[in-house]
Amino acid sequence: MRIVCPFCGERELGEFTCLGDAKPVRPAAGASEDEVFDYVYLRDNIAGEMSEHWYHGGGCRAWLKITRNTLTHEICSVEPAAGAGARQAAR
Amino acid sequence: MISSQPHRLASGGLIDRSAPLNFRFDGKTFAGFEGDTLASALIANGVKLVGRSFKYHRPRGILTSGSEEPNALVELRTGARREPNTKATTAELYDGLEAASQNRWPSLRHDLMAVNQLFAPIFVAGFYYKTFMWPAKFWEAVYEPAIRRAAGLGRAAGIADPDHYDKAWAHCDVLIAGSGPAGLAAALAAGRSGARVILCEEDFALGGRLLADGGTIDGMPAAEWISRTLAELATLPDVRIMTRATLFGVYDGGTYGAIERVNDHLPSPPEHQVRQRLWRIVAKRSIVAAGAIERPIVFAGNDTPGVMMASAMRTYVARYAATPAKRIALFTNNEDGWRTVETALGAGLQIAAVVDARPDVSAAHRALAAKAGFPVLNGSVSGVDGGKDGVRKISVALAGGARAEVEADGLAVSGGWNPAVGLTSYHRGRPKWQDDISAFVPDGAPPGMVAAGAANGAFGLGACLRQGFAAGAAAAQSAGRDGNRGTPSVADDEAFSLAPLWHVAGKGKAFVDYQHDVTAADIELAQREGFESVEHLKRYTTLGMATDQGKTSNVAGLAIMAAVSGKSIPGTGTTIYRPPYVPVAIGAFAGHHRDENFHATRLTPSHHWAAEQGAVFVDTGLWKRAQWYPRAGEKDWLESVTREVKAVRGGVGFCDVSTLGKIDVHGPDAGAFLDRVYINTFSNLAVGKARYGLMLREDGMVYDDGTTSRLAEDHYFLTTTTAKAGPVMQHLEFCRQVLFPELDVQLTSVSDQWAQFSIAGPSARELLKQIVDESEDLSNEGFPFMGAREVSLRGGIKARLFRISFSGEMAFEISVPARYGDALVRNLMLAGKQFGVTPYGTEALGVMRIEKGHVAGPELNGTTTAADLSLGKMMSTKKDFIGRVMAGREALVAPDRQVVVGIKPTDRARRLRSGAHIIPKGETPGPDNDQGYVTSVCFSPTLDQWIGLALVERGRERIGEIVHAHDPLRGENYDVELCNPVFYDPDGGRQRG
Amino acid sequence: MKYSIFSLARAAFSGHKNWQRTWRDASPKARYDVVIIGGGGHGLATAWFLASEYGIRNVAVLEKGWIGSGNAGRNTTIIRSNYGLPGNTGFYELSMKLWERMEQDLNYNTMVSQRGVINLYHSDAQRDAYARRGNTMRINGIDAELLDLAAVRKMMPFLNFDNARFPVQGGLLQRRGGTARHDAVVWGYAHAASALGVDIIQNCEVTGFVRDANGKVTGVETSRGKIGAGKVGMAVAGSSSRVAAMAGLRLPIESHVLQAFVSEAIKPLIPNVMTFGAGHFYVSQSDKGGLVFGGDIDGYNSYAQRGNMPVMEDVCEGGMALMPMIGRVRLLRQWGGIMDMSMDGSPIIDKTPVDGLYLNAGWCYGGFKATPGSGLVFAHLLARDEPHQEAARFRLDRFRRGAMIDEKGVGAQPNLH
Amino acid sequence: MAEFSWLPRSPLEHALVVGACGAREVAPGISLTEIRNFDLIQIMARRGKGAELANAAKARFGMAAPEVPKAVSASDVTLIWSGPDQFLVLSKGGKHAMDILSQAFSQSASLSDQSHARALISISGTKARAMLAKLSSLDLHPASFPIGAAAATSIDHTSVNLWRGNDRPDGQAVFNLLVFATFAESLWHTMLDAAAEYGVDIGHSAEV
């Protein structure tokens, strides 16, 4: 697999680590046990296009949000995490 | 000259007659030429019997001239370099080559295992599923060892491979597999366009089938066209041609695997060179011009040595000037088979007959037959008379029902051609059936890939050139290369007509999969028993699972299945195609990463100093750490470690702790950030102070711990455990970039920037005073417990000093820029001489932390909560932090959880071992009273007995209770007392003092 | 027809013309007491146990493709019961005991080979963790031995002891562990279950659930029509989330690719099953002679059933580090299976919140060795509506309660299990 | 009072042996030179301060800091892109050392001293690309990785910064590699193994 890092360009799979589904959003402070349980444990486990968190740990150390097809491994889009780099947050 | 090579033509071929080579096969010496394969050289020497089959040990000869060979497998080379199952058809001849036949005993000609043929009526497909069940114990003792010995093919060396391998990356616009007319045309078109091109050819010579079949291209002989083409390609700077390189797989994102046999054509690799190199090729586009594979026809006796694929027969004659037979019969169902007749006649060989399954043989062929004086029989070969010395006679079932016999010493067979659809199908694609050639052709391919030429079902030379050129041009264009690509080469298209014929019914074993001895009858049996799905067929009969991956057998097998189950061939379908396209040495996939180079090694700044001291090192992750420093006269590790501990507790010692993960946390929101990742609070930590912190995973379990110091208002220095340094950095970056992007905080690993040493013991301060600048106040008031600040060292170096203790002693950790780490230890030794300063290793470090009751790796095992480790009170209730909510789940706060306690044996002389389980005293151990286990143990020099930590159900409520430590693995069972885990200085006076 | 050497010999005289189908080719009936989705090892074993142990014979097994086409036919064929945590330990031992009598139970040679499974350790910490695990096994009545370096050297002199990056120090050995012929397990259960009346229906894809007014599942919609069911059991590891989603369920499961590899066949080289402790590599040698080996999952969600190259390299690096004698042995085939990776690395066998729908999922790497045990406990659950004693901890709600069974201790991140 | 010596010791001091290595029958195809005793500061923009950082960098170094994977050089300093809104400042002799840069960037960036955290190796020679192809998955073709190109990448699972400096006088490309200090010796051996077949000329230098 090759991933086009928005900062580094196209790189080899080995430079990246996949964390998993990017759809669940960490509940805000004060959330119930049920809500946090859902966030931590339940997955859609999509067969098809899925949004994921990947880490370019072997490169620029940016966290990326990647949309990838789990049936074909085709990568549809790559975008930086909200806090990757300073410019993102400056907007 | 060893022998006269009686089956070598007097002239012709692409061998170098000026470079004679000697080689040995089964102990006998033969001669050949450079440019030979082992197979062609054996043929030139008249050797027909080269191997034995897998199950029946039937005698086998050479069937093909390429990597699809199922029969001619040998053990190549000897000793540690012995390579089992090497295809004689692709092994390049070199001087001194040694090869041996395999899977026979005691010899190839007299193989006693051929007795299996007597049991052939029983040894049908899947027979073993129906027997060998009684008595049950006999499987491992009797049946299986016998089966295992009989099965298998060649013998692996059994000792370490002495050769080296490496792996490399290559990048291109257009990757081409195959150097036949389609491949070369594609390379020309792409290369002229300005594309970066890589062409991989598995053979050592370029040209593909042109090397044997010749032809006329652009009005010149094929050989001349090849050399002109190669000359032009050589002028293009970004065209790279790799011979002896097989493209074996296609992976996601346009990544391809190729194996280059760099030095397999030599007896052994030259010094500093590898045997083979694994290539990872990244290509924008790829063109599969890998050709097609001629397929056999299944008939009785079709495995007799001397029966050979028609294309292979003419390859041996034309390319190698070696004659597999003098009087050749051809059995074909298609036009292409006749080329062998032409080649053989051209070489002065005799044609015994042509058996053509098609009713309508062309007038030109009939004229040829009449001229050369051989009969053309309309029908099929139904039997072969012969044996291990080859073919003597063939039986022919004529179309009209009559029978005929033909005397011949070789039978060339052509059942048509199967495009090499492997590469195009490796992403689980299924090829489609093409009626006019009765073969599967690619139906789509992985992204960026196309097939061209014979691999795409286009068998004519002209078509190959056209398709190859067009594919090369299109690939270059889509990669953005638009140079002038000139005009394509032209050639005529040969006529191709074929009458499908898969299986000739008849008496005797008719082989589909030669190597695995799968017969037509086996396929019929499989169908009868319900194994109709092609995948079931494959698994039940082992069809296509041999080292040739079914290249010659799969299509015939499923055609026969289609026939017996009354379905069409496409309706029957194919099995999934799986990489690699040819078997690849495991050593090549490993490359450089073996032995000491399996993984990288990290060395601490004091490593070489410690090595000078004779330290024993231990692997901790990738690190080498000093485990202890033995001294002359010490009888074992325990004595050394005990000395080190006593030296620290009684004076002062130091230990390299640079392996801890170290992270600079910068920014105005650094404190707020740390509050969210630690269970305790850091935003209120004063500048110049350190604090112990604990992190949870989001599921509420303890993740990591360490000391974090505040060096400035907006700068914290965080440490992690050695093991978790990398994962914690990733986790913190996730928190920073994904979870809390609103915080202004920056993270940098400074693990390698600082050489960090723990200096511990009652004399630690005195020792440090020798090192730091006189102006630095190290008194308890000036530098209290948990203090952290920059200090100046004598000689002008700046250091960071932390008053933290893992040992329970008065202790500091000092950090200097890493290049000064070596100097620091030497200076500490110098300055500490008067205090008897003692370097200590990880063992003594571990002993002191257990004495002090500090939890570490064995307790932070990913299934313990903060409360389990008696750190529950650190969990702030005033803020949100990672893991807070899930840590509250009922089973994680249950009162009967296993929690950390200390243990000591009731018999003070008793040694403890980690991994023993805790059982209530007086009870018989069982799953219901298994209440915990021992996590960490040591001999405590301070207490003069073994002590340990354990995770024990309700342990904290049971301090003082005597329980059993149960260790059946090591045959030990003894009493221990549950106690406070802090064995040493429980009120902490020493570390504060 | 009973299988034996005698029936084989008799058949030989008639040219093997009289063999019957190994299992009946059934067409779906309108209704069954139990419908099992998934014709893999687990589904077929469940059907056989329902019929043989619980007297429920009106059972259908529905298979989307051909039986054994999922992970049953893609694994590395290892059987063992060397687990360390309550829940797993007893269950896998139950399964091991069923392996030990499988061939006689089924009248089918599944080639159960108790050649021994050894997990090598390379550090004191690893040794201690294996000691803990081995003692758990012994306390549960399971065989386990902790070998030191000398014993490992004697047993496997071909390992790299001399210049290894992470030298072997010893190993945890379970002699009763070993291998079995994976496809034969599928065919054996199909053979025996079919003989007891179970309908095995291939090329029958479930496309939805039939629910009554109360939401209870009363059948399935399939590519071969609607099939009524008293109860429906799912045994579709790899696709559990997809099938569960048809019933509106979300599971604590992700699907990941696990690769496996086989080498060319060679004469006997490796006597047992070995797991390298300093890298991702485990290996055994099949009776046919191929080295069958594997390593870690590819690390990202996938349903693609094919593996990537970095993991293949990683696995071969581990193999060469452990035993550099395999350098010239050639890798013949590479393939991938889709694992149900659960959030704690352990399986789920339970009723679901949907009445009438039962779940057997989340097998991670453990699916093949679990096959007979899984069949028995799932059959028990389907027959009795209560968990089998040895599956009592494999509940779906354990994640919510915090009662995870996390052997690796890596938490709710499936790609680390 | 003892006299202390604070001799810095390079992480490659033990492993690096000056002279020829590997194949001898050919002219060395690889030249490996370790650069010793440099200053290296990591500069990361604070949240929303990308523009301020750019201005401060321009003021300090007289050239814009790279915002894409590139390395830019002035007479006394090289700025190497190392990630989004961050770069490394490579210099000698303390002119751009930590204490000085801290002042210049106090308003816009977080700084972290990496001077001792890395080893710096310069790779050149006719076979430099062939050797690097065994180590790096990057495309180092002149068109893809021209002079001034930089990358934060990995070699042997180890993070490195790789950039292409100015060509040697003989026209050969020069690749500069920063590797974490504690991995340096291990990577050095790996590099020598990769380079051995081409013949290697080994040296070290104090010049950046």
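**Close-up views of a predicted model**

**View 1. The contact between chain C and chain A.** The contact, in which two residues count if their C-beta atoms, placed from the backbone, lie within 7 Å, takes 21 residues from chain C and 18 residues from chain A. On the side of chain C that touches chain A, the elements giving two or more residues are helix 8 (240-245), strand 12 (253-265), strand 15 (290-301) and helix 11 (398-401) of chain C, where helices (H or I, at least four residues) and strands (E, at least two) are DSSP runs numbered from the N terminus. This is a predicted model, in which local features need pLDDT of at least 70 and side-chain atom pairs count only at pLDDT 80 or more, whereas totals for chains, interfaces and linings use all residues. Residues are numbered from 1 along each chain as its sequence is written, and chains are lettered from A and ligands numbered from 1 in the order in which they are written.

**View 2. Helix 11 and helix 12 of chain B.** The axes of helix 11 (residues 520-528) and helix 12 (residues 534-541) of chain B, which are lines fitted to C-alpha atoms over the stretch in contact, with angles from 0 to 180 degrees between N-to-C directions, come within 10 Å and cross at roughly 120°. The contact is made by Asp522(B), Ile523(B) and Ala526(B) of helix 11 of chain B and by Leu537(B), Tyr540(B) and Thr541(B) of helix 12 of chain B.

**View 3. Domain 1 and domain 2 of chain C.** The domain assignment, automatic or from a database, gives domain 1 (24-107 + 182-251 + 344-416) and domain 2 (117-176 + 254-342) of chain C. Their centres, taken over C-alpha atoms, are separated by 27 Å, and the contact takes 30 residues from domain 1 of chain C and 32 residues from domain 2 of chain C. Helix 3 (88-99) and helix 8 of chain C each give two or more residues to the domain 1 side, with helix 3 of chain C providing the largest share, four residues.
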